[in-house]
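My notes follow in the order I looked things up.

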There are 2 protein chains.
Amino acid sequence: MPDIHPRTLPDVRLLGFANRTSVDKATKWIDTHSTTLVSEQVSVEFAAGRVLAKHFVAPADAPPKDIAVTNGYALRSIETIGAGSYNPLLFCTQEDHRALKPSSTVLVSSGTPMPQGADAIASFDLARAGTDTVELIGPVTRGAGVSHQGDEAREGTLVVGNSRPLRPSDLGLLSSFDLTEVSVVRRPRVRLILTGCKSSPNRELGDANGPMLHALLARDGAELEVTTYAPPEQSAIAELIARPEADVVLVCGLTGTGPDDVAPLALDAVGTLSIHGVAMQPGGSIGMGSVNGVPVILIPGSSWHCLCAYDLFAGRLIRRLGGRSPQLPYRIRHVTVGRKIVSSIGNVEFCQVRLVSGEAIPLGSAGSGGLVSASRAEGFVLIPAPLEGYAPGASVAVYMYDEVDDMEGKCT
Amino acid sequence: MPDIHPRTLPDVRLLGFANRTSVDKATKWIDTHSTTLVSEQVSVEFAAGRVLAKHFVAPADAPPKDIAVTNGYALRSIETIGAGSYNPLLFCTQEDHRALKPSSTVLVSSGTPMPQGADAIASFDLARAGTDTVELIGPVTRGAGVSHQGDEAREGTLVVGNSRPLRPSDLGLLSSFDLTEVSVVRRPRVRLILTGCKSSPNRELGDANGPMLHALLARDGAELEVTTYAPPEQSAIAELIARPEADVVLVCGLTGTGPDDVAPLALDAVGTLSIHGVAMQPGGSIGMGSVNGVPVILIPGSSWHCLCAYDLFAGRLIRRLGGRSPQLPYRIRHVTVGRKIVSSIGNVEFCQVRLVSGEAIPLGSAGSGGLVSASRAEGFVLIPAPLEGYAPGASVAVYMYDEVDDMEGKCT
């Protein structure tokens, strides 16, 4: 496919990037090109990790009436005053669960409605059951064992927000309101085009990025439209970029300054290349643009560059489209720097770190490293563009790769 | 099915728990009844979140030889001394990538092997390319743009441990060593028996626990053998418990002190009920035992009790069987208590909290609440049995429900 549009950005091949876009500006580009997708209905059963299309408000009081929250004998608390093991008070046991007679009790189970007139539950250890009677050997506080109508939520109040993925407990809650389906944000459909991936020093044209990107896309809630291996040719890549149907197109590989790096030309040929080159390391050869309104992200093929560029930009785009938090999906741990972190001024740099005795120890200088370091690291530090790094003793935020880290040190 | 074994634990129905097992002792029971399962082969592509059967050590140096990690001109750094924009030094460009001639350069791409004799890469912004020559306008440091053989990992050193689920980047790394399959710990097969679930005040016999437990089991890496709804009868439950094939049997519902709470009797009839009643709130009516060597956990049917009992014990069992960290799978945030947390002495209690201005605000007293509170809470605090709670200003660990929490406050 020939170059039919005038190029808006310079061809960097064999020349290098004369100017790179700042991470902040590139982030703004992502944010202006990602509006939360429309909603779809899914079964509550399969809604974990999805984001509600809108807040869920209680359709009724919860609980809907006063209920027992323990097993025991429902009674009037005022009638238990003075009860003790030396002064047992006698109550009649009543079968009818509707209205409680004076000096009577009703055996109730947790979750069932309170009999009318009863205001407390005596637990079994306070009661000695006879045939038709119960001896109470201690007083019961008003409200003991009872959850009152609306205690948990009043009708019309918000119970599950739409600013986070649904938790397992949310599914239980939505089901408890008799919902079987919910309206959730549609998952972004991603077309993944792998091309000329120099993914590994062990293979010329590897697919190490395929499995990694699939797992990252799944983590961020994307749905894979298709994964295609494209030959390293501008026309072939351009043709795949321009196909309709996807919400996002990711091209992995051929983004850099080498003579074969034709992915930016391919996007430019069929759409708009808006950004090429971002002031970050690794991943700085990332490109962004669009074709027919669909955002297209060009991700470097070198695996560690690929991971960082994905996380910071492509992942953010996908998370935003899916209604999720745009932030990096790693928990943050604030720790002290244990050994100098070296970074170069002008780029946002990723520095992989191990946590040793609670201190961050860099695995090489910022921007360096690869997937081996990523596997050995507990997480990474992002060093802002104006800084030369961090001195020992500085406090830094570490983005932690794993959700739990109690195994710290076990894998060394 | 009749009661064929002598009961080893008292029947608590209508009597209450005379003694409860401590959380520590019950945790030890879980740990002695959960040995990591055997391994199975899976495609690297589908291995995210799985745990390796054993450490993966580098089968070769990584990188396997000196490679370029940037695009540019490979050369001898010593020959660039003195180069500057007023003193450009001329190099011949050489096609042959094998051995570098004196005063020559070879155009290389990131990821490709270094020509013999070259020890650095000049990036394109330091070079002015002619037809067969390159003018260098600045000196290049030895090692610039090069990753040396074994820089990332020496052959035989550990690169991915087996003490954590595989990360997306691990899949890339394993693929880069040409692995297509890996040996991982088998997923625990769980039989889930839902019975008499008083899961919701809105329905008598609901299945709110089904969707919630399915999501929890998926989170903890279990494979669902089957979910069965059992009638609230001892013989029916006993028959389902005793069926072979599962690694773990979970019975949800009918664990308490009410007249219908026959799950403990059902387990006792076909296996061993080792523990019934744990000093925790909610979830204290949990039971543990085994049938033919298979651990059986009896989980309370009330949803919030169900969630807590699952997380602390059933989930731990499943996480251990699957080779995962036994810890609660929530990240921990250390915060200050903003309003008094009230708890009763003698029980480990769950207290749901919101984080307001970085302080933990309890949603009711410890042990109280339900799924509405669980959805409104950012997380929970576990109050040890000997404590009456926490005063404002105390420092507590909050188990955070969500992985990222930058949206704090947005859903209120």
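**Entry 1: a helix over a sheet.** I started with helix α5 of chain B, residues 263-270, in what is a predicted model. I find α5(B) lying across β13 (189-195), β15, β16, β18 (287-291) and β19 of chain B. Against β18(B), α5(B) runs at about 25°.

Next I traced the sheet. I read 6 strands in an open sheet of chain B, in the order β14-β13-β15-β19-β18-β16. The pairing is mixed. Which strands stand at the edges? I get β14 (223-230) and β16 (272-276) of chain B. Each has a single partner strand, so one side of each is left without a neighbour in the sheet. I note that the twist averages 20° from one strand to the next.

I then looked at one pair in detail. Strand β15 of chain B (residues 248-252) and strand β19 of chain B (residues 294-299) run parallel. I count 4 bridges joining β15(B) to β19(B). V251(B) stands opposite L298(B) of β19(B).

**Entry 2: confidence.** I checked the scores before going on. The predictor gives the complex an ipTM of 0.91 and a pTM of 0.92. Chain A averages a pLDDT of 91, and 94% of its residues score at least 70. I flagged residues 198-205 of chain A, where the pLDDT is below 50. Beyond near neighbours in sequence, that stretch has 28 contacts in the model. I also flagged residues 407-412 of chain A, again with pLDDT below 50. For that stretch I note 10 contacts beyond near neighbours in sequence.

**Entry 3: chain A overall.** I list 7 helices and 26 strands in chain A. How is chain A divided into domains? Domain 1 takes 23-37 + 186-321, and domain 2 takes 39-62 + 152-185. Domain 3 covers 67-147, and domain 4 covers 331-400. I looked up one separation: the C-alpha centres of domain 2 and domain 3 of chain A lie 36 Å apart.

I compared the radius of gyration with the globule rule. Chain A has 31 Å, whereas a compact globule of 412 residues would have a value near 22 Å. Along the principal axes, the C-alpha atoms of chain A fill a box of roughly 95 × 50 × 35 Å. Buried residues make up 54% of the 412 residues in chain A. I took the contacts in chain A between residues at least 6 apart in sequence; 71% of them join residues at least 24 apart.

**Entry 4: helix α2 of chain A.** Is this helix enclosed or open? I find 9 of the 9 residues of α2(A), residues 168-176, buried, so α2(A) is largely enclosed by the rest of the structure. Among the buried residues are P168(A), D170(A), L173(A) and S176(A). I looked up what they pack against. In chain A, the partners are β2 (56-57), β11 (158-160) and β12 (181-185). In chain B, they are α3 (209-219), α6 (303-321) and α7 (371-376). After α2(A) comes D178(A), whose phi is positive, near 70°.

**Entry 5: a loop proline.** I ended on P231(A), in the loop between β14 (223-230) and α4 (234-242) of chain A. Is P231(A) buried or exposed? I count 10 other C-beta atoms within 10 Å, and the cut-off for exposed is 12 or fewer. P231(A) is therefore exposed. I also checked P231(A) against L317(A): 86 residues apart in sequence, and 26 Å apart in space, C-alpha to C-alpha.

Key
Residues numbered from 1 in each chain as written. Chains lettered and ligands numbered in written order. Predicted model: local features only at pLDDT ≥ 70, side-chain atom pairs only at ≥ 80, totals over all residues. Domains from an automatic or database assignment. Buried ≥ 20, exposed ≤ 12 C-beta atoms within 10 Å, placed from the backbone. Helix = DSSP H or I, 4+ residues; strand = E, 2+ residues; numbered from the N terminus. Contact = placed C-beta atoms within 7 Å. Rg over C-alpha atoms; globule rule 2.2 N^0.38 Å. Pairing = 2+ DSSP bridges. Axes fitted to C-alpha atoms, helices over the stretch in contact; angles between N-to-C directions. pLDDT = per-residue confidence, 0-100.
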